[in-house]
Amino acid sequence: MIVVLLGAPGAGKGTQAKRMGSAMGVKHFSTGDLLRQAVESGTELGVRAAEYMESGTLVPDDIMLALAGELLDRKGPGVGVILDGFPRTLPQAKGLDQLLEDRGETIGLVILLDIEEDDAVERLSSRVSCPECGSVHNLATDLPMTTGLCDACGGTLVRRSDDIPEKIEHRFEQYQSETHPTIEYYRSQGRLDTVDAGRPIHEVQKAIEEILHRKSGPQVAG
Ligand code: AP5
Ligand code: MG
């Protein structure tokens with residue numbers, strides 16, 4: 001199944017995508033992580049993306065759609081995937097539908113992780129993440145087993161450079177102006193499931209699992 005995870009900065013997209021990926025046995029792609037890796041490696045994509053990401057501005061749609069096309073080709077036909085942070089503009093949502101139609105595929109589930117801005121900002125201000133593998137932890141709600149080190153790969157946990165107040169504020173402005181119309185696009189077509197993401201991690205995970213169970217049930221039975 002192809003799953004799209006939508007949500008504000010700090011809503012928990014990466015946290016839940018990782019858990020869903022393990023539970024479903026599918027890969028998850030975070031466009032934010034892929035772009036950060038490209039910036040770090042100094043690839044052509046990274047050089048183009050860096051100027052936008054530095055300020056928390058969305059990377060242009062043509063770049064993102066080209067990246068999405070590559071991801072879909074890389075995963076192979078009929079293989080499930082969780083898309084964390086893509087699409088997040090209306091042209092990206094329409095472009096993704098077209099990319100999938102061209103490949104004879106379709107989105108199985110769109111989940112919005114819904115959270116109050118204040119709660120999300122609080123999470124971002126205590127987030128630490130691993131630049132090696134993209135794992136995230138939180139110094140208030142989700143401590144790593146060893147202080148300062150990633151549970152998954154042992155890498156050194158760091159604060160993200162866009163997790164400072166003025167950049168967080170700009171990322172939320174972008175979310176309001178660009179991603180809200182995307183949410184409405186899916187909602188108006190009856191394709192959106194909304195989860196209250198303001199709850200503890202395991203409760204959000206349980207709510208997502210219930211949706212997955214409900215959606216995949218008929219396929220399993222049939
Ligand atoms: P991206 O990396 O996707 O950033 P974002 O959307 O701002 O989202 P975050 O990764 O900050 O938050 P999250 O929802 O993943 O939360 P997390 O699980 O970490 O994108 C970065 C940039 O790349 C963009 O600004 C843009 O420039 C560019 N970009 C990416 N995709 C793009 C696209 N499609 N188009 C154009 N540009 C694009 O959780 C946050 C914290 O909270 C963690 O510490 C976690 O441990 C904790 N936490 C999680 N869930 C809970 C919970 N339920 N309770 C308590 N704590 C929790
Ligand atoms: Mg993330």
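Which residues line the largest cavity? In this predicted model, the lining consists of Thr 31, Ala 68, Leu 71, Leu 72, Leu 83 and Phe 86. By class, 5 of these residues are nonpolar and 1 is polar. No charged residue takes part in the lining. Helix α4, which spans residues 61-75, makes the greatest contribution, with 3 residues. The volume of this cavity is about 40 Å³. The structure holds 1 cavity of 30 Å³ or more. Such spaces are found by rolling a probe the size of a water molecule over the atoms, which shows where empty space is left.

The overall fold was examined next. The protein chain contains 8 helices and 7 strands. Its radius of gyration is 17 Å, close to the 17 Å that the globule rule gives for 222 residues, so the chain is as compact as a globular protein of that length. Along the principal axes, the C-alpha atoms fill a box of roughly 45 × 35 × 30 Å.

Ligand 1 was then considered. A shell of 36 residues surrounds ligand 1. The closest of them are Thr 15, Arg 88, Arg 127, His 137 and Arg 171. By class, the shell is made up of 14 nonpolar, 13 polar and 9 charged residues.

At least two residues each come from α1 (13-24), α2 (31-41), α6 (117-125), β6 (136-138) and α8 (201-221). Helix α2 supplies the largest share, with 4 residues.

How much of ligand 1 does the protein cover? On its own, ligand 1 has 1,000 Å² of accessible area, and the protein covers 97% of it.

Technical notes
Residues are numbered from 1 along each chain as its sequence is written. Chains are lettered from A and ligands numbered from 1 in the order in which they are written. This is a predicted model: local features need pLDDT of at least 70, side-chain atom pairs count only at pLDDT 80 or more; totals for chains, interfaces and linings use all residues. Side-chain values use heavy atoms; hydrogens and water are left out. A residue is near a molecule or strand if one of its heavy atoms lies within 4 Å of it. Accessible areas come from the Shrake-Rupley method with a 1.4 Å probe; for residues, only the protein chains shown count as cover. Ala, Val, Leu, Ile, Met, Phe, Trp, Tyr, Cys and Pro count as nonpolar, Asp, Glu, Lys and Arg as charged, and the others, Gly among them, as polar. On a 1 Å grid over the protein atoms alone, a cavity is a set of points where a 1.4 Å probe fits but cannot get out, and a pocket is an open set with protein on both sides within 12 Å along at least five of seven lines; lining residues have an atom within 4 Å of a point. Grid points are joined across faces, edges and corners, and a volume is the space filled by probe spheres set on the points. The radius of gyration is taken over C-alpha atoms; the globule rule is 2.2 Å times the number of residues to the power 0.38.
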